[in-house]
Amino acid sequence: MNAALSPAPGRCVVVRVPATSANLGPGFDTLGLALSVYDELLVTALAEDELEIELTGQGVDDVPRDASHLVVRTIAYAYEAVGRRMPGLRLEAHNVIPHGRGMGSSGAAVVAGLLAAKGLLAGDVELGDETLLRLATELEGHPDNVAPALFGGLTIAWVDETGPMHKKLLVHRGVAPLVFVPEFTMSTSVARSLQPLHVPREDAIFNVSRSALLIAALTQSPELLLAATEDKLHQNYRAQAMPETTRLVLELRAQGYAAVVSGAGPSVLVLADGPGQRLAAAEFVATQIDTPWEALMLAVDFKGGTVKEYAEGSTQTA
């Protein structure tokens, strides 16, 4: 395939990608949930091989403004994967997903880059769902965050001999997500380094049972969420790296709230079984917990990432 320059200069796409929470307690590296917090980007193909980056919102002081920017690297990766030469780019990004807090900010950046490439390449090369998930997993390392960011809802992700796969499920309307976001951050690589290579057989069996129960709780029976979010596979091993997070999870669970570490942390996800329980959990943390936590009362995002072509003040799906 020739490395032709595509698309024509001036094509512009709008990308919107949700935050995610992975693991959900027992579903380590398997389960993920899309949440109603969104990064939004405007990406324009330029005539010259130049790069312009304008950033606002979360993490702007820590994010590079050159070709090492994760969205730009991802767009380049997608173009190379389909044998096309990437044009110059203007990237305008408004970041709302907190960085380094366990809400899938890096996965969202990867998905945003792939969806931008999909939109820019539309009519030349079509990037289907399987290709998007494969490329996202290659870049992110595992599919549990990128699958819900791409497809929305509750996703089960796995890898077989053909590559990464996913199944999207609809979440029961009674499930009311609540995320407590701290001021401090947590490195995903550090969190993963604390995870042992082997776990006791009884702990593995415990998590298999809770993961199966969690699917039922999230899709049919929210009243089972407290029992369904128990975990022995990863949270205890990471507790030493984020004591405030561990303390909050334990105190919330002692009060009957289905609290888990969101992704690699340090944010805490509560899967309430209704708006009333969610409000009660937020009130408990606001009045009884000394560490400051920002409470985000969110919805499950059912749509996933989107890309639309932008032209003369109007948008249409690319």
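**Pockets, a sheet and a few local details**

Me: How much space lies in the second largest pocket?
Reply: About 240 Å³ of space lies in the second largest pocket. Please note that the model is a predicted one.

Me: Which residues line the second largest pocket?
Reply: The lining consists of Thr 229, Glu 230, Asp 231, Gln 235, Asn 236, Ala 239, Thr 246, Val 249, Leu 250, Arg 253, Ala 259 and Val 261.

Me: What volume does the largest pocket have, then?
Reply: The volume of the largest pocket is about 630 Å³. Its lining is made up of 40 residues, and those nearest the centre are Leu 70, Gly 100, Gly 104, Ser 105 and Ser 106.

Me: Which elements supply at least two residues of the lining there?
Reply: For the largest pocket, these are strand 1 (12-22), strand 2 (31-46), helix 1 (70-81), strand 4 (88-95), helix 2 (105-121) and helix 5 (188-193). The most comes from helix 2, which gives 5 residues.

Me: Changing topic: in what order do the 4 strands of the open sheet run?
Reply: The order is 8-9-7-10, with antiparallel pairing. Strand 8 and strand 10 (293-297) are the edge strands, each pairing on one side only. On average, and with direction ignored, neighbouring strands of this sheet are turned by 25° against each other.

Me: Over how many bridges do strand 7 and strand 9 pair?
Reply: Strand 7 (residues 176-182) and strand 9 (residues 268-272) pair over 5 bridges, in the antiparallel sense. Within strand 9, Val 270 is the residue that stands opposite Leu 178.

Me: Which strands does helix 9 touch as it packs on the sheet?
Reply: Helix 9 touches strand 7, strand 8, strand 9 and strand 10, and its direction makes about 160° with that of strand 8. Helix 10 (residues 275-288) also packs on the sheet, where it touches strand 7, strand 9 and strand 10. The direction of helix 10 makes about 15° with that of strand 7.

Me: How many aromatic pairs does the count come to?
Reply: With ring centres required to lie within 6.5 Å, the count comes to 1 aromatic pair.

Me: Why is the pair of Phe 184 and Trp 293 classed as it is?
Reply: The ring centres of Phe 184 and Trp 293 are 6.0 Å apart and the planes stand at 75°, so the pair is edge-to-face. The pair links distant parts of the chain, 109 residues apart: Phe 184 lies in the loop between strand 7 and helix 5, and Trp 293 in strand 10.

Me: Now the backbone: which residues does a cis peptide bond join?
Reply: Gly 265 and Pro 266 are joined by a cis peptide bond, with omega about 5°. Pro 266 has its place in the loop between strand 8 and strand 9.

Me: What about Asn 23: is its phi positive or negative?
Reply: Phi of Asn 23 is positive, near 80°, in a residue other than glycine. Asn 23 is found in the loop between strand 1 and strand 2.

Technical notes: Residues are numbered from 1 along each chain as its sequence is written. This is a predicted model: local features need pLDDT of at least 70, side-chain atom pairs count only at pLDDT 80 or more; totals for chains, interfaces and linings use all residues. Side-chain values use heavy atoms; hydrogens and water are left out. On a 1 Å grid over the protein atoms alone, a cavity is a set of points where a 1.4 Å probe fits but cannot get out, and a pocket is an open set with protein on both sides within 12 Å along at least five of seven lines; lining residues have an atom within 4 Å of a point. Grid points are joined across faces, edges and corners, and a volume is the space filled by probe spheres set on the points. Two strands pair if DSSP finds at least two bridges between them. Axes are lines fitted to C-alpha atoms, for helices over the stretch in contact, and angles run from 0 to 180 degrees between N-to-C directions. Contact means heavy atoms within 4.5 Å. Rings of Phe, Tyr and Trp (its six-membered ring) pair if their centres lie within 6.5 Å; planes under 30 degrees apart count as stacked, over 60 as edge-to-face and the rest as tilted.
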